[in-house]
Every structure is written in C-alpha cells, then in structure tokens.
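Let's walk through this structure together, from its loops to its sheets and helices. Please keep the model open beside the text as you read.

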Amino acid sequence: MLQPLSLIRGARVIDPAAGIDAIVDVLIGPGGVTIDPSSVPDHARRVDGRGQWALPGLVDLQVHLRDPGLTHKEDQLTGSRAALSGGVTTMVVMPNTRPVLDDPALVAAQSSSADARGLARVLVAAAATRASAGQALSDYRALKAAGAVAVTDDGLPVQDDALMEQSLISCAANDLVFMQHAEDTRISQHRPMTECEVQRAAGILGQPAEAEWVMVERDVALAERTGARYHVLHLSTARSLAAVRRAKERGASVTCEVSPHHLTFTCNDVVKAGIELPSTEADLDPNKKMNPPLRSGADRRALVDGLADGTVDAVATDHAPHTAAEKGQGFARAPFGTTGLETMLGVLLRFVHDGTIDARRAVELVTSGPARVLRRQGALGTLSGRQAPPDLCLVDPERSWVVTTGALQSRSKNNCFLGLELRGRVTATWLRGRLAYQLIA
Ligand SMILES: [Zn+2]
C-alpha cells in the first residue's frame with residue numbers, strides 16, 4: 001500500500017531548533033519529513049501553503065485531560081480534538097484525575113492509550129506525593145520507568161519544606177523535572193481572585209500575589225541546593241519572574257512557563273463587559289476565574305517583557321475544562337480554570353502582530369522551548385527530530401476568527417477568550433505523519 005504523503009508547497013517553514021526559517025516545500029508522511037524534497041511521488045496530496053507557516057507540532061506543558069474519572073468535562077478523545085485543532089500534538093497532562101496519577105500503571109496507560117487510539121501524544125507529569133496529599137512522596141523511580149517526564153501536585157502544591165526538599169533530591173536522582181504550581185495556600189486560602197480594587201468592589205475575598213512568589217523563592221533556593229530541575233507552571237507575578245531570571249543568571253536549572261490568559265488579561269478584565277465597577281459577584285465572569293488568578297497590569301507587563309527578553313521558556317495553557325453547570329454557580333463557588341488548547345497560538349500571535357516578539361521567538365515558545373524544559377530538545381518540537389513519525393501544523397498567521405463556543409472542540413466551553421477576535425489560526429495538523437485535522441473553511 002502507498003504511504004499517505006502530503007506535500008506542503010510554498011509555506012514559511014519555521015523550526016527554531018533546526019535553525020530553519022525559509023519558504024520551502026515540505027513532504028510529510030509516516031516515514032518522516034523531507035524539507036525541500038528533490039522528488040515527490042505522484043500520489044502525494046498537494047497542499048497550498050502560500051502565505052502560511054509550517055511548524056513542528058506544538059507542545060503544551062500543562063493540560064488537564066480529566067481522563068480517567070472526570071470525563072464529563074473532557075476525555076482523551078475530545079481533548080485530542082481540541083489539541084489538534086490548536087496545532088498541539090504533544091500534551092503534558094496533569095495528575096489530578098480520579099484516581100490521581102501516582103501509580104506507574106496509570107502513568108503508562110496514559111501515553112499508550114493515546115498512541116493506540118491515534119490521539120494527540122500524551123506525556124505525564126505524575127503526582128509528586130501519594131494521592132497528591134502532600135504527606136508522602138510517590139515512587140519516583142517507578143514513575144520514571146513508567147514514562148513520567150515530571151512530577152507535580154499542581155493545584156495542591158507541596159507546602160512542607162522538608163518534604164519539598166526530599167522531593168527535589170529524588171527528582172535529581174531520577175532525572176525528573178519538578179513542575180510547581182507555586183501557591184502558598186496558607187497565604188492564598190484558595191481565595192477566588194487576586195487582591196485588587198475589582199475584588200474589593202465585588203465584595204469577595206482576595207489572595208495576595210505574595211502567595212505565589214514566596215513559594216517560588218523557597219523552591220528556587222531548594223532547587224539550587226539539591227541540583228534538581230525545577231519548573232514554575234503558569235507563572236503569574238513580576239516578582240516570581242524576577243526570581244527565575246536571577247536563578248538563571250546563577251546557572252540554576254530553573255525554567256518557567258506563562259499562560260495565554262495571564263499575558264492578555266488583568267484582574268480588571270474579570271468584570272463582565274459593559275460594567276464599570278462591580279457591586280456583586282454576579283458582575284464577574286466565571287470563565288476568567290483561574291488559579292493563579294489574573295493579576296495586576298504591572299504583573300502582566302512583566303510577563304510580556306519575559307517573552308521578549310528570553311526569561312520565559314514556554315507558553316502553556318493550563319487547559320482546564322469545567323462544565324457550564326459548574327461555572328454557573330457564581331464566581332466565588334465556580335471551580336478555577338479556563339480551556340486554552342484551541343486559543344493558545346492565536347493569542348500568542350497577538351504579540352507577533354504588535355511587534356513585541358518575532359515569529360521565530362513565538363514558535364520557539366511552543367515548540368523547542370517546552371522541549372528544552374523536558375530535556376527532549378532534538379526529539380520533540382522540531383521537524384528534524386528523532387521523533388518519527390513526525391508532527392506538523394500549518395498556520396495562517398493573518399486569518400481572523402472570533403472565539404465562539406461553536407468554534408471550540410473541547411467538551412467544555414469555559415474559555416476566557418470567548419468573544420475575542422484573534423488573528424492567526426491553525427488550518428491543518430499532521431500527527432504521526434498523517435493529516436489529523438483540517439479547518440473547514
Ligand atoms: Zn495549576
């Protein structure tokens with residue numbers, strides 16, 4: 001049987017890891033990618049790539065697939081559809097499923113099931129402590145052997161200093177990166193918004209930004225002492241970013257990601273459209289309730305500066321699906337989280353269109369950058385990688401679209417960008433060398 005092949009003609013190929021940024025034809029199939037092929041079989045599907053970018057499949061370092069146990073919000077199939085329509089071909093999934101991913105067999109099943117079903121690739125950040133209860137470390141050696149790429153307790157971060165140090169020692173011994181949702185919950189008290197004028201006017205409780213950077217500063221010190229690799233998930237404050245920048249200058253193995261929503265919105269944007277200053281929680285948009293919460297304008301600007309100056313290693317979504325009923329309980333009671341797989345690239349391209357960063361840097365933030373965090377550079381997030389069969393997405397950087405629930409593939413529609421017009425959209429995605437998604441015009 002003939003191999004299914006696609007020839008993308010005339011696209012701008014941007015592959016930062018391979019040092020490629022050129023308008024050149026690309027032949028893609030299950031056997032691999034050929035840049036500027038000298039001959040093309042007749043049966044290859046011809047795709048007009050003129051005016052578009054051909055990129056390595058995107059890598060998202062933080063996704064909640066909700067599978068197993070919470071599949072009324074999302075499952076591997078709907079999550080994969082959402083990912084592929086956003087150009088994402090590899091997701092690092094968080095362990096807060098039911099049961100929690102603290103068991104080697106559960107970890108191994110995540111990736112093997114995605115592979116067997118032909119769904120977007122899944123890598124696992126396993127639970128740092130048993131049941132993410134913050135009491136006893138899980139078995140890092142066994143988790144690593146089962147394929148885990150990282151450990152984290154995400155929304156239930158390790159508070160105890162001694163246990164955190166033990167965890168980092170074990171990470172170093174097993175070459176795992178610790179991914180921290182940095183939040184001192186003794187300070188934040190799980191409160192629904194950051195402390196700000198809007199929060200006070202609406203009459204709800206606020207958490208100080210200090211809840212994040214206090215933990216980042218503690219962890220950076222522990223990471224340097226233990227020699228472990230440490231990564232800050234969805235970093236959201238200027239002071240946390242400064243701590244990461246200083247740690248990098250000292251040569252520490254410290255990395256960070258920022259989320260599209262923290263780059264775009266501030267706590268003022270939590271107010272529903274048309275309302276000047278809120279007087280009750282009903283004036284606030286539950287889709288803009290996430291953790292860490294949307295911060296101040298100064299924090300947002302610092303994150304954008306971090307994109308431009310190289311401090312930020314990756315943009316990652318924290319894709320967190322919740323049902324309409326859950327989000328409809330009122331702002332204070334609604335669960336934290338926004339979806340993001342489908343909107344990540346369009347939001348990131350806003351910073352290319354406004355001249356903050358160039359196209360190569362934007363692509364790096366969602367391909368080779370996250371691959372470096374995972375120490376998989378050369379294997380992941382590049383077309384010339386050892387990862388065969390290859391992944392690729394085609395993007396029209398000028399194509400405008402409005403984010404509507406109808407445009408989203410995720411089972412849950414709690415996207416904080418609903419109603420926003422984005423410029424830049426994925427038009428096709430190849431997974432394991434095969435065309436896996438195509439935008440219906
Ligand atoms: Zn988190």
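G328 sits in the loop between α11 (324-327) and α12; helices here are DSSP runs of H or I with at least four residues, strands are runs of E with at least two, and both are numbered from the N terminus. G328 counts as exposed, with 12 C-beta neighbours inside 10 Å. On this scale a residue is buried if 20 or more other C-beta atoms lie within 10 Å of its own, exposed if 12 or fewer, and partly exposed in between, with C-beta atoms placed from the backbone. Along the chain G328 and S368 are 40 residues apart, and their C-alpha atoms are separated by 38 Å.

Before going further, please note that this is a predicted model, in which local features need pLDDT of at least 70 and side-chain atom pairs count only at pLDDT 80 or more, while totals for chains, interfaces and linings use all residues. Residues are numbered from 1 along each chain as its sequence is written.

Now turn to the sheets. One of them is an open sheet of six strands in the order β3-β2-β7-β18-β19-β20, with mixed pairing; two strands pair if DSSP finds at least two bridges between them. At the edges stand β3 (20-23) and β20 (434-438), each with a single partner strand, so one side of each has no neighbour in the sheet. From one strand to the next, the twist averages 25 degrees. Helix α12 (residues 344-353) packs on this sheet, where α12 touches β18 (392-402) and β19 (421-431). Contact here means that the C-beta atoms of two residues, placed from the backbone, lie within 7 Å. The direction of α12 makes about 125 degrees with that of β19; axes are lines fitted to C-alpha atoms, for helices over the stretch in contact, and angles run from 0 to 180 degrees between N-to-C directions.

With β7 (residues 53-56), β2 runs parallel and is joined by two bridges. R12 has W53 as its bridge partner in β7, and V13 has A54. With β3, β2 pairs in the antiparallel sense over four bridges, and here the partner of V13 is A22. β2 and β3 form a hairpin with four residues between them, and G19 in the turn has a positive phi of about 70 degrees.

The other sheet to look at is an open one of eight strands, in the order β8-β9-β10-β11-β12-β15-β16-β17, with parallel pairing. Its edges are β8 (58-63) and β17 (314-315); each has a single partner strand, so one side of each is left without a neighbour in the sheet. Within this sheet, two bridges join β11 (residues 150-152) to β12 (residues 177-180), and A150 is bridged to V177. Helix α7 packs on the sheet, touching β12, β15 (229-232) and β16 (254-258), and its direction makes about 165 degrees with that of β15. Helix α8 touches β15 and β16, and its direction makes about 145 degrees with that of β16.

How do these two helices meet? The axes of α7 (residues 210-226) and α8 (residues 238-249) come within 8 Å and cross at roughly 15 degrees. The two are therefore roughly parallel to each other, a term for angles under 35 degrees. Residues E212, W213, V216, E217, V220 and E224 in α7 meet R239, S240, A243 and A247 in α8.

Finally, some loops deserve a visit. Most residues other than glycine have a negative phi, and most peptide bonds are trans. D67 and P68 are joined by a cis peptide bond with omega of about 15 degrees, and P68 lies in the loop between β8 and α1 (76-85). Another cis peptide bond runs from R98 to P99, with omega near -5 degrees; P99 is in the loop between β9 and α2. T97 is found in the loop between β9 (88-93) and α2 (104-116). Leaving aside residues up to four places away in sequence, T97 touches R66, D67, P68, G69 and L70. T97 is partly exposed, with 19 other C-beta atoms within 10 Å.

D154, in the loop between β11 and α4 (161-174), has a positive phi near 30 degrees and counts as buried, with 23 C-beta neighbours inside 10 Å.

Technical notes:
Parallel < 35°, antiparallel > 145°, perpendicular 65-115°, else oblique.
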